[in-house]
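Please look through the structure shown here before reading on.

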There are 2 protein chains.
Amino acid sequence: MEKFSTGREVRAAIRAGFRGPTAAFAPEYVQANLVAVPAEYAAEFRSLCARNPVACPLLDESAPGATGTALASEADLRRDLGGYRLWRDGRLAAQSAGAREFWRDDLVAFLIGCSFTFEYALTRAGLPPRHVVLGLNVPMYRTNVMLAPAGRLHGHLVVSMRPYPADDVERVAAITRPYVEAHGEPFWSGEPGRLGIHNLATPDEGDAVPFEPGEVPVFWACGVTPQAVAIESRLPYVVTHEPGHMFVTDRLHSERPVA
Amino acid sequence: MEKFSTGREVRAAIRAGFRGPTAAFAPEYVQANLVAVPAEYAAEFRSLCARNPVACPLLDESAPGATGTALASEADLRRDLGGYRLWRDGRLAAQSAGAREFWRDDLVAFLIGCSFTFEYALTRAGLPPRHVVLGLNVPMYRTNVMLAPAGRLHGHLVVSMRPYPADDVERVAAITRPYVEAHGEPFWSGEPGRLGIHNLATPDEGDAVPFEPGEVPVFWACGVTPQAVAIESRLPYVVTHEPGHMFVTDRLHSERPVA
């Protein structure tokens, strides 16, 4: 499962043409969601993160027009992720392997923590996520949980889901809880209807995964949440990653704050 | 409306027997919600605040058994608020003017920001809250908005409500937004059903307030939220303030961080 051992190797492979979700890649390294908004929305986006730190744990913010980040040397946020999306007026306007053609001098890039960051800890504990075992993208679902709005930005929480035996949920929660910059402990486990999710077989993003008998769905807040915000707030122009196709940083988990 | 000019004066009046909501008291001073939990729940409560900073902006945490706070000199959290509640196993077990008989050596007291803190700014801008004008307690409502849980602690958001003309909502939001330690900008305005509130005339806490033609309800996250958490999580033992009967600190707004 572990195809690359460092963020630098993952980014080099992507520059060389690799495409696909990055779960279990460079497993000791922090992975991140990308959201780039016009500078006139940057303060509101920063506030959205501060007000919703479980969904949007902010790892880094670039200067307007900058394409690098303090989280990785020699990185270019326009080409170091395996997939990009352009959102215009709340609608998906384009998908591309690179974002060079989408980038504007007024874009401010935000990097937000990702639950892939804690998957290695689950795997080491003998609790590998199903999508990792099966080589699928993690399933993600929009929910009915309202975010705390920030100015013109509002929307609902997006969650990722991993099935686990009901008896393991407490242990799974304890393992992911310390990863405060990667959504931390589960947001909910059990009945999906409580989050307004009606059919686990049809995720809004990523791939459906099969359940074994006795397993329950365990949901974590997801860094795709800002894409729901882009849609619901009808933002004029936003560049994001393709869900599951993360920016893999040079930072080891061990360097980042934990609870 | 302004009955006292400092937190010290309010606390002295309460020690002398004053009872009642503290809206518009000592208007330049920060007001706070009280939640005291057994020490074995303190880490989880601290995490609940960190994960839900809009509902639970943490101002101060005491040492186990301590009854003072860094936010006010010579304060005694067991008698400096105008009303207390004791919760046992998620049920309201007692209400009292003092908490001396409820306090235990293992209690850790948390002080959480309160929206009364920004009401003076609204009043100075010619937008006094209706409950202040009428001398009522602010109306508060439980919602269907799930909090991010923290260990054994989970629950739903509680909001306070103030009616404003639809045309003033943006200005009201701009005024309260900088008060990041007092819930900041509104959580929602307009249709109460979007928060799962079915009848504004029957608040869960505080007093109903009348609407004028053209006004809409404006909702802010509320520091009574931990009382909903105490209920929903069936916490064995929690001491809180009586909603609206706040701890008035020695801190001026101008000393506290803003956005």
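## Briefing on a predicted two-chain model

The secondary structure of chain A comes to 6 helices and 11 strands, where helices (H or I, at least four residues) and strands (E, at least two) are DSSP runs numbered from the N terminus. The radius of gyration of chain A, taken over C-alpha atoms, is 17 Å, close to the 18 Å that the globule rule gives for 259 residues, so chain A is as compact as a globular protein of that length; the rule itself is 2.2 Å times the number of residues to the power 0.38. This is a predicted model, in which local features need pLDDT of at least 70 and side-chain atom pairs count only at pLDDT 80 or more, while totals for chains, interfaces and linings use all residues. Residues are numbered from 1 along each chain as its sequence is written, and chains are lettered from A and ligands numbered from 1 in the order in which they are written.

**Chain A as a whole**

- Along its principal axes, the C-alpha trace of chain A spans about 50 × 35 × 30 Å.
- Buried residues make up 52% of the 259 residues in chain A; a residue is buried if 20 or more other C-beta atoms lie within 10 Å of its own, exposed if 12 or fewer, and partly exposed in between, with C-beta atoms placed from the backbone.
- Among contacts in chain A between residues at least 6 apart in sequence, 77% join residues at least 24 apart, and two residues are in contact if their C-beta atoms, placed from the backbone, lie within 7 Å.

**The two domains of chain A**

- Chain A is divided into domain 1 (7–15 + 22–115 + 234–253) and domain 2 (118–221), with bounds that come from an automatic or database domain assignment.
- The centres of domain 1 and domain 2 of chain A, taken over C-alpha atoms, are separated by 21 Å.
- Across the boundary, 19 residues of domain 1 of chain A are in contact with 25 residues of domain 2 of chain A.
- On the side of domain 1 of chain A that touches domain 2, the largest share, 5 residues, comes from helix α2 (residues 42–51) of chain A.
- By class, that side of domain 1 of chain A has 11 nonpolar, 5 polar and 3 charged residues; Ala, Val, Leu, Ile, Met, Phe, Trp, Tyr, Cys and Pro count as nonpolar, Asp, Glu, Lys and Arg as charged, and the others, Gly among them, as polar.

**Helix α2 and strand β1 of chain A**

- The buried residues of α2(A) are A42(A), F45(A), S47(A), L48(A), C49(A) and R51(A), and they pack against β1 (29–38), β2 (58–61), β5 (107–113) and α6 (225–232) of chain A.
- P38(A) is found in strand β1 of chain A, and counts as partly exposed because it has 17 C-beta neighbours inside 10 Å.
- Although P38(A) and V108(A) are 70 residues apart along the chain, their C-alpha atoms are separated by 6.0 Å.
- Leaving aside neighbours within four places in sequence, P38(A) is in contact with D106(A), L107(A) and Y237(A).

**How the two chains meet**

- Chain A can be laid on chain B with an RMSD of 0.0 Å by a turn of 180° and a shift of 0.0 Å along the axis, the superposition being by least squares on the C-alpha atoms of residues with pLDDT of at least 70 in both.
- The two copies are thus related as by a two-fold rotation axis, and in chain A the C-alpha nearest the axis is that of V145(A), 2.9 Å from it.
- At the interface, 12 residues of chain A are in contact with 10 residues of chain B.
- The elements that give two or more residues to the side of chain A that touches chain B are α2 and β6 (140–146) of chain A, and the residues of that side divide into 9 nonpolar, 2 polar and 1 charged.

**A sheet in chain B**

- In chain B, 4 strands form an open sheet in the order β6-β7-β9-β8, with antiparallel pairing; two strands pair if DSSP finds at least two bridges between them.
- Strand β7 (residues 156–165) of chain B and β9(B) pair over 7 bridges, and the bridge partner of Y164(B) in β9(B) is V216(B).
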